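Thanks for making the time this morning.

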Amino acid sequence: MKTHKSGIIFVISAPSGTGKTTICEGLLKTLDDLKMSVSHTTRKPRTGEKTGVDYHFVDEQTFHKMIENDEFVEWAEVYGNFYGTSKRAINDILNSGHDVLLDIDIQGAKNIKRIYPESVLIFILPPSIYELEQRLINRKEDREIIRKRLSKTVEEISQYELYDYVVINDNLEKAIKEILSIITAERLKTAKINKDFINNLIMEGKNGEKRKNT
Ligand code: 5GP
């Protein structure tokens, strides 16, 4: 019998260049009962990205049709492209008895918390803005894009209190370990215990006592 209930939604947000993608990959490799929700986006695929794996890449018309049909739990415009979490992406994972991992921006995180108050929001931050700038420069991002991203980052960091946890990525392995600890602790919360398991333990104990007395 399962000792704990599944179905927790973990949301990870991070300013771009903070190492979020690598961290999410690390989590998924370690925990096979945690599944990533694949979002829809109107952004063009980057080299190596596959539709259905990294994102469902769609055109704006398809995206807006999905909004009209109420197919999204949340959606947002990020840097001029649309991104959305479909109800289906989340429900398929929940129905298969797994926990969900969402890699979404701060607007999406806010909406997920409103719709699923028990979801767990984790914010990953760089050790310093200077370090973040260096990472973006190393990624060969355009100067203007870097400037825009850094200014958005500062605005996002000031909203850190929306999140349940803040993890600083000054060391990738340490950051992954810390998030794994958060996931473990959340899964072991009293509210997440399977009541049938507890009732069974109690019954077993009572039956044992009866056996001893007869
Ligand atoms: P990228 O284009 O670099 O993959 O993602 C850009 C931003 O969009 C990231 O901050 C990412 O977390 C966010 N994002 C990706 N999917 C979703 C989604 O479904 N909803 C929201 N609100 N943001 C998303």
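This is a predicted model: local features need pLDDT of at least 70, side-chain atom pairs count only at pLDDT 80 or more; totals for chains, interfaces and linings use all residues.

In strand β9, Val166 is the bridge partner of Phe123, and β9 (residues 165-168) runs parallel to β8, with four bridges between them. Strands here are DSSP runs of E with at least two residues, helices are runs of H or I with at least four, both numbered from the N terminus, and two strands pair if DSSP finds at least two bridges between them. Residues are numbered from 1 along each chain as its sequence is written, and side-chain values use heavy atoms, with hydrogens and water left out.

β8 also pairs with strand β1 (residues 9-13), again in the parallel sense and over four bridges, and there Val11 stands opposite Leu121.

How enclosed is strand β8? Six of its six residues, 120-125, are buried, so β8 is largely enclosed by the rest of the structure; buried means under 20% relative accessible area, with a 1.4 Å probe and protein chains only. In a regular strand, side chains alternate between the two faces of the sheet. In β8, Val120, Ile122 and Ile124 are buried on one side, and Leu121, Phe123 and Leu125 on the other.

Now the pocket, meaning an open set of points on a 1 Å grid over the protein atoms alone, where a 1.4 Å probe fits, with protein on both sides within 12 Å along at least five of seven lines; lining residues have an atom within 4 Å of a point. The largest one is lined by 42 residues, with Lys20, Thr21, Arg46, Tyr55 and Asp103 nearest its centre.

Note on methods: Buried means under 20% relative accessible area, exposed over 50%, partly exposed in between (1.4 Å probe, protein chains only).
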